[in-house]
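Good morning, colleagues. Please look at the sequence and the structure first.

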Amino acid sequence: MRRSLRTIWQTRGLARYLLVAGVVMTAAFVVLAVFAPWIAPYDFAQNTTDAGERLPKLAPPSGEHWLGTNDQFYDIWSRVVWGARTALQVVLLSVFLSALVGVPLGLLSGFTGGWPDRVMVFLMDALYSFPSLLLAIVFSFLLRSAVGGGVLAAALALTAVYIPQYFRVVRNTTVSAREATYVEAARALGARPFTIMRKYLFGNVVQSVPVIGTLNAADALGTLAALGFLGLGIQPTEAAEWGYDLSRALDDTSAGAWWPALFPGLAIILLITALTLVGEGLNETLNPALRRRRLQPVRFTALAREGGAR
Amino acid sequence: MSPRADDQAEEVVIEAEDLRVWYGTERGPVRAVDEVDFTLRRGEILGLVGESGCGKSTLGRGLLGLLPEGAARDGALRFLGTDMLTLSRREQNRLRGRELGMIFQEPLTRLNPLMRISEHFAETLRVHEKGISKDEVKRRSLQALRVMGIPPTRFRAYPHEFSGGMRQRLMIALTLVLRPSFVVADEPTTALDVLVEAQIIRILHDLRDTFDTSLLLITHNLGIVAEACDRVAVMYAGKIVEIGPAAEVFRHPQHPYTRELLRSTISLSTTGLNFIEGAPPDLTTPPPACRFHPRCPDAMSVCATREPPALDLPGGSRAACWAAAARHDLVTLDAEESAPLEREELSVADEA
Amino acid sequence: MPTKPDPGLVAEARDLSVHFQLQGGALSRLLGIGARRVKAVDGVDVQLRRGEVLGVVGESGSGKTTLGRALLGLAPATGGTLTYHPTSGGTQEITRLKGAELRRLRTDVQMVFQDPSAALNPSMTIEEGVGHPLVIHGIASGEDLHQRVVAALERVGLAPVERFLSKYPSDLSGGQKQRAVIARAIILEPEVLVADEPVSMLDMSVRAKILQLMLDLKNDLGLTYLYITHDLASAKYFCDRVAIMYLGRIVEIGPTEEIFAHPRHPYTQALLKAIPEPDPDRMVPRDLPRGEIPDAAEPPLGCSFHPRCPVATPVCGWEQRDLKALLEEHWVRDETADYEAERATVGDLDGLDRPRTTARLAGKDPAAVRAVLDSVRAADPEEPLWGGVRAVEERHGHLEVDFVDGVDPPLRASHGVEVACVHYGADPEWPAEPGEPGEPGS
């Protein structure tokens, strides 16, 4: 871990800027998400002021409503802020669950080998080959009846979609790490297979997981928004969601109101970009093949030798 | 520089003067090769020995200009009189292959697996000798293969169809088909088995008879040097500490490092185990003055304050060592300078 | 370095074989047939005596590493027996141990690896890594564990211990890492240590230190060593007995002094001649065996060394692949030979790639082929292959060369050592002329 932090610090060039930019942008959204109740002037499904007055419909951006209101009388700025919270909740939860299932499965499968490994690989490849959106829709339907239509359901639907990615990478790394001398040494010491997996393989095969996790998060966000756009995602009564807002806003654009569509759309693009920048930046910094270190230019000092006999 | 044993005044092919090759790193330059002098004559075999990290590989590559990004050279490096460091990149490229050859340690990584041997030869010859005819290509290739002991039946085979020793012979044949004047062989046999290694060393040794090539043989194996080389240069921490005729250096080593290295080499005649205390230094901040002084059993106080000059010694070798110089009355040191050096004791924590 | 070993056997291999299945092409993998087998260890008989250092010397493909791994049960045996006799008494058949029993064996037999950088877990500190064997076998924990780790590190010379406990392997030098590997191996107080090229990746000036450490440990802890190496020089210094291996067999075994003073097997003789010595009076050896180590999946017929042996006899197992090699060598050596014409006459040599005692040359004109063979023979009549030719006949329009069936000599006693060669033994298949290798005392 400390070695990774050190290499991050040492990177120069494009990779570093990517990483910094991505982190800053993501941090901004995180702040929005965490402090939503204090930042957003209105609740996510609030269409009246605290005094009880109904909010205007399709009001353009103004001092009152920074980003305007939409056709459901909601304040768009509030919807964006609350949407950030929803987005991050769902994405974090699904990425965490995917890794929780995918990594141990990959480790176990890679270590065991033989036909159980082949079967798992086949299943995971099959799952992986489905278009992620389609899969998410299917899982969303299946889970709707069981878990309702809220954040948890959306997260679970996305979890299943992304498990194969973690499985594949960890399994492949495990298969090659399995042949390393120190693993054979562990066997020579008399370690049981589970101990070998836990103490000798795990720490050495999970280096790519953070990168996958971040890029995963970016993709999951896109899928969540797509689900919401199709009306299959989080129900509006449960939480604010950018994709849903976007779908509602499409009709409004023909009426000349551009703000209900622009701002949720912009939010989606920005957060996905931010997460992707962090992921790619991490990849460039942590991947030894891509890393470009800051090399000090060589400056020759004076010759040290005495002008002795030559 | 010391001439060859039979005193023939052969033409000087390579002359290095105050040659430095430093690498750039985050922490500052690594002084991998630091003020090195030597000459190499036509048909001569110079062995370059040292342990890991002494800079011998860097020197070999530096002579050909095959250095990674961030490395720089300084000093004078003359090939047949021309200073290569002043040449443009294009001119250096033209020299490489044609006049300057290199043999690497692991041949498989240097051969294109998708190209037949015949195609490798054709490419090499056509790049450097434009307009060469197809028959001439085949004739020269088969001749090079024959000298290396590779049967002509394998001319159209792929690299992976050869065993390790054959691949190395192939590598040597490809290098020599252009008749370079100077070849650097960087640990050419380290990855090979004992019997094959002996075959390859014999081939390298005979090169000068068949091709009149000068060879720089880089290795950590002192036995190979003793058998195959005319002269030997011993490197430590980026410097050549001793250089001279192989017979002389092995029989009467002048520099303490050479002596200790020979003593710690395990051979069939070893009767006791000897080793050198401590470890080679970090080349970003090497020890002041003589770089061996922290580990040298003969160290005097002058060794830590003044850098020893490289002096020609009576036996024909040349060493950079105050003790050796004093022993042959080539310098005079006062009592304070020649007092034994006081330094910290070396423990296992400092070992290599 | 001779020591007096205690009487008694620690381990014994009888006709031990370890064969590996090579991954064949896609078709053979699909159908499960036709994959080649590599006979890494092929019928080895050897004893390991208590307290001795037995050297196993060989080049790549000799099977020495596999033999070492078999002793730990890391390489599954496919034939023969490998028994272990602990000091506590009893016998264990290593080839049949499984699971928990196999893991228990590892408290008695441990291994030191070749590459110290690769043998230590990069994500464990030295303290964790060296102490882990005790944790694995549930022998110690807490303060007791810590004390034992400290004691082991001090024993291998990694002192002051505090400087090393919390370091990671990448912070240590090569020699220090190897000391840590040794500490990890001895912390279980084993009886036998299999050392697989323990110093070949270290610098010359460090090798002596580690070898000295291993010798001291052997005397202090009463260990028995199996020292695997390709470096005959260190084997000479370090071992009581030496076994020379070639392509999965032991070809010569005996006390170190005798083996080095009077090497008998031609391969042993070649190895000794080939080792580069830092003696300026030595020249590059010129009379070395030709060729290289053959394919272990299809070793030569008869004695595996015969294609390269300078003193091969007619009964050493000549086959068609040797004829192909001879023709190729002829075209390399003889500049006057008309390569193109002869090659065209003899035909495509690829048909001679399988091990068979009859060679069928593809050339369409048998008389012309015979003429080529005669000229090859005339160029070098001393070539031992010709002695092994039984008949050269024209059959079905092609020239065929029949070879004498070869002998694969087992290890047999000869003046204090055991040699697997037709020239030696109480009743050698090819008794020597005076002045040639063979009995007595050559």
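I shall speak about confidence, then a sheet, then a pair of helices, and lastly an interface between two chains.

Please keep in mind that this is a predicted model. For chain A, the average pLDDT is 84, and 92% of the residues score at least 70. Where in chain A is confidence lowest, and where is it highest? The lowest confidence falls in helix α1 of chain A, residues 2–10, with a mean of 65. The highest falls in helix α5 of chain A, residues 114–129, at 93.

Let me turn to chain B and its sheet. This is an open sheet of 4 strands, ordered β2-β1-β4-β5 (chain B), with antiparallel pairing. Its edges are formed by β2 (30–41) and β5 (82–83) of chain B, each of which pairs on one side only. Within β5(B), D83(B) is the bridge partner of R78(B). A helix also packs on this sheet: α1 of chain B, residues 56–64, touches β1 (12–23), β2 and β4 of chain B. The direction of this α1 helix makes about 65° with that of β2(B).

Next, the helix pair in chain B. Helix α5 of chain B, residues 164–176, packs with α6(B) at an angle of about 15°, and their axes are 10 Å apart. Angles under 35 degrees count as roughly parallel, so α5(B) is roughly parallel to α6(B). The crossing of α5(B) and α6(B) is right-handed. Which residues meet here? From α5(B) come G164(B), G165(B), Q168(B), R169(B), I172(B) and L176(B), and they meet V196(B), Q199(B), I200(B), I203(B) and F211(B) of α6(B). By class, the contact of α5(B) with α6(B) comprises 6 nonpolar, 4 polar and 1 charged residues.

Finally, the interface. How many residues does each chain give to the contact of chain B with chain C? Chain B gives 49 residues and chain C gives 49 residues. On the side of chain B that touches chain C, at least two residues each are supplied by α6 (194–211), α7 (222–228), α8 (246–251) and α9 (256–264) of chain B. The largest share of that side, 8 residues, comes from α6(B), the helix that also packs with α5(B). The residues of this side of chain B divide into 26 nonpolar, 16 polar and 7 charged.

Thank you for your attention.

Methods. Residues are numbered from 1 along each chain as its sequence is written. Chains are lettered from A and ligands numbered from 1 in the order in which they are written. This is a predicted model: local features need pLDDT of at least 70, side-chain atom pairs count only at pLDDT 80 or more; totals for chains, interfaces and linings use all residues. Two residues are in contact if their C-beta atoms, placed from the backbone, lie within 7 Å. Ala, Val, Leu, Ile, Met, Phe, Trp, Tyr, Cys and Pro count as nonpolar, Asp, Glu, Lys and Arg as charged, and the others, Gly among them, as polar. Two strands pair if DSSP finds at least two bridges between them. Axes are lines fitted to C-alpha atoms, for helices over the stretch in contact, and angles run from 0 to 180 degrees between N-to-C directions. Angles under 35 degrees count as roughly parallel, over 145 as roughly antiparallel, 65 to 115 as roughly perpendicular and the rest as oblique. A crossing is left-handed if the near helix is turned anticlockwise from the far one by less than a right angle, and right-handed if clockwise. pLDDT is the predictor's confidence in each residue, from 0 to 100.
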